[in-house]
Amino acid sequence: MRPITIKVGIIPNADGSAMFSFGKTTAIAAVYGPRPLHPKHKQISDKALLQTIYMMAPFSTTERVRPGPSRRTQEICKVTREALEPVVCVEEFPKATIDVYINIIEADAGTRTAGINAASLALADAGIPMKDLICSVAAGKIGKEYVLDLEGKEEDATDCDLPIAYSQRMKKITLMQMDGDMSVKDTKETVNLAIKGCEEIYKKQRQALEERWMK
Amino acid sequence: MNNVQKQYLLNTISAAKRGDGRGLEDFRKMEIETGVIYKAEGSARVRFGKTEVIAGVKMDVGTPFPDTPDDGVMMVNSEFSPMASPKFETGPPREPSIELSRVVDRGIRESKTIDTKKLCIKKGEKVWMVFVDIYIINHDGNLIDAAALATVAALHSAKMPEYDAKTEKPNFDKKTKKLPLSCKPITVTVHKIGENFIIDPTLEEESITEARFTVATNDKGNLCAIQKGGVTSLTTDEIYKAFDLSVKKGKDLRKLIKG
């Protein structure tokens with residue numbers, strides 16, 4: 001894996017915030033809420049609405065990204081929400097909203113996984129009750145080698161790109177996507193490697209949270 | 001759906017039965033018709049029970065992307081028309097529609113079904129562009145699988161217009177060659193309800209699904225695209241089970257596509 005840098009509590013205005021980077025990919029996340037949800041018809045009577053907004057800064061890539069939502073970012077918003085919601089105790093806050101804003105300020109592959117890691121830390125930092133932290137990393141296969149945490153150049157060379165999000169305590173996967181061309185057996189190997197990566201990230205996430213809150 | 005109906009459905013499925021008499025791993029009655037739209041280069045209508053989807057292929061000549069100067073362009077778009085379900089509204093595409101198009105797109109793109117190099121007319125300047133548009137006619141669950149199947153069937157039935165070098169435009173009156181296709185990627189979605197896995201859910205079943213797992217497989221049985229959905233987590237064993245089921249069912253569906 002590329003070197004990981006984590007900082008918790010970087011945005012004083014937010015209820016919780018964190019920065020997470022894999023090498024040259026950096027995501028920052030801020031959490032606001034639980035807070036009242038408007039318009040009212042969007043409220044859910046027995047749980048909070050978790051809203052995730054993923055954005056890439058225009059200067060984050062080689063070619064400028066056009067600001068505003070694209071099909072890609074909207075899909076990432078959806079999978080990020082589904083990756084986080086299984087561990088967030090949304091039922092504690094009926095009718096409220098928990099807003100998670102994820103900004104990618106520098107991108108070199110693995111932005112959705114970095115974003116999920118940052119978001120999970122920001123949720124914890126905001127003191128929102130959670131069953132576990134979510135860790136996320138992508139894996140793939142280049143030639144005969146299985147590789148963890150693909151960077152920009154590797155992503156072009158790999159047979160497949162398989163990001164997962166994982167809950168270490170429940171031993172369950174909350175997000176999995178894949179594109180490429182790989183046999184079932186190789187895919188299973190890749191998933192196992194990605195889980196190992198998540199276990200390492202979990203340790204670092206805990207450490208970062210302890211540094212901020214246990215002093 | 002109210003709680004009584006929900007509980008009834010859950011009970012039926014945990015007893016390994018379905019409301020319509022199918023087994024857990026059975027598709028509904030399936031129909032695939034190709035060439036349903038005369039004006040389109042290729043088209044297909046797919047029905048899974050009451051779910052109905054039309055996919056149309058249109059082609060045009062355009063400029064390639066700067067990073068792939070000798071590759072043709074393929075785009076998949078879907079339209080959840082308000083006539084198909086009381087839940088669909090007009091306006092720009094929302095998350096479910098975007099997710100569907102992108103999952104279908106990945107299945108086709110990553111399996112390298114279309115040989116995009118053969119769609120190049122003049123490097124860096126002119127290439128063929130393939131547009132796949134998916135229309136939902138009636139929504140009764142399992143839209144992703146139906147849309148993906150319709151897309152593959154439409155691509156395989158498509159005839160390319162000839163390129164007119166004088167006008168630098170496609171000649172839609174002369175459609176002769178088939179598209180340069182290499183395989184038939186099949187997308188199968190597995191749903192987890194209680195402790196059971198089912199495929200091809202109806203809308204009712206889909207409303208109580210906890211997690212869904214979509215896998216696209218190519219002719220070799222390799223996996224080309226995966227997408228997990230839903231707010232429940234899955235263990236690795238459950239995921240591996242979904243892989244195997246998708247590969248198995250993919251083989252059956254592939255036989256239904258001509259071309």
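This is a predicted model: local features need pLDDT of at least 70, side-chain atom pairs count only at pLDDT 80 or more; totals for chains, interfaces and linings use all residues.
**Entry 1: Arg64 of chain A**

I began with R64(A), which is exposed, as 10 other C-beta atoms lie within 10 Å. I noted the cut-offs: a residue is buried if 20 or more other C-beta atoms lie within 10 Å of its own, exposed if 12 or fewer, and partly exposed in between, with C-beta atoms placed from the backbone. Residues are numbered from 1 along each chain as its sequence is written, and chains are lettered from A and ligands numbered from 1 in the order in which they are written.

I located R64(A) in the loop between strand 4 (49–56) and helix 1 (71–84) of chain A. Helices (H or I, at least four residues) and strands (E, at least two) are DSSP runs, numbered from the N terminus. Leaving aside residues up to four places away in sequence, I found that R64(A) touches P58(A) and F59(A); two residues are in contact if their C-beta atoms, placed from the backbone, lie within 7 Å. I also looked up P34(A), which is 30 residues from R64(A) along the chain; their C-alpha atoms are separated by 34 Å.

**Entry 2: Backbone details**

I found that P34(A) belongs to strand 3 (residues 25–36) of chain A. The peptide bond leading from G33(A) to P34(A) is cis, with omega near 0°. A cis bond also runs from H38(A) to P39(A), with omega near -5°. I placed P39(A) in the loop between strand 3 and strand 4 of chain A.

I then turned to two lysines. K95(A) has a positive phi of about 70° although it is not a glycine. K95(A) is in the loop between helix 1 and strand 5 (96–106) of chain A, and K95(A) is partly exposed, with 16 other C-beta atoms within 10 Å. In chain B, K112(B) has a positive phi of about 50°, and it is not a glycine either. I found K112(B) in the loop between helix 2 and strand 5 (120–122) of chain B; K112(B) is partly exposed, with 15 other C-beta atoms within 10 Å.

**Entry 3: Chain A as a whole**

I counted four helices and nine strands in chain A. Along the sequence, their pattern is β-β-β-β-α-β-α-β-β-α-β-β-α. The radius of gyration of chain A is 17 Å, close to the 17 Å that the globule rule gives for 215 residues, so chain A is as compact as a globular protein of that length. This radius is taken over C-alpha atoms, and the globule rule is 2.2 Å times the number of residues to the power 0.38.

Along the principal axes, the C-alpha atoms of chain A fill a box of roughly 50 × 40 × 35 Å. I noted that 51% of the 215 residues of chain A count as buried. Among contacts in chain A between residues at least 6 apart in sequence, 69% join residues at least 24 apart.

**Entry 4: Where chain B touches chain A**

I found 27 residues of chain B in contact with 26 residues of chain A. On the chain B side, the elements giving two or more residues are helix 2 (95–110), strand 12 (223–229) and helix 5 of chain B. Strand 12 of chain B gives the largest share, seven residues.

I next examined helix 4 (residues 184–213) of chain A and helix 5 (residues 236–254) of chain B, which pack at an angle of about 160° with their axes 11 Å apart. Axes are lines fitted to C-alpha atoms, for helices over the stretch in contact, and angles run from 0 to 180 degrees between N-to-C directions. Helix 4 of chain A is therefore roughly antiparallel to helix 5 of chain B; angles under 35 degrees count as roughly parallel, over 145 as roughly antiparallel, 65 to 115 as roughly perpendicular and the rest as oblique.

The residues making this contact are V184(A), T187(A), K188(A) and V191(A) of helix 4 of chain A, and T236(B), Y240(B), F243(B) and V247(B) of helix 5 of chain B.

**Entry 5: Two helices within chain B**

Finally, I looked up helix 2 of chain B and helix 3 (residues 143–157) of chain B, whose axes come within 10 Å and cross at roughly 45°. Helix 2 of chain B is therefore oblique to helix 3 of chain B. I noted that L100(B), V103(B), V104(B), G107(B) and I108(B) in helix 2 of chain B meet L143(B), I144(B), A147(B), A148(B) and T151(B) in helix 3 of chain B.
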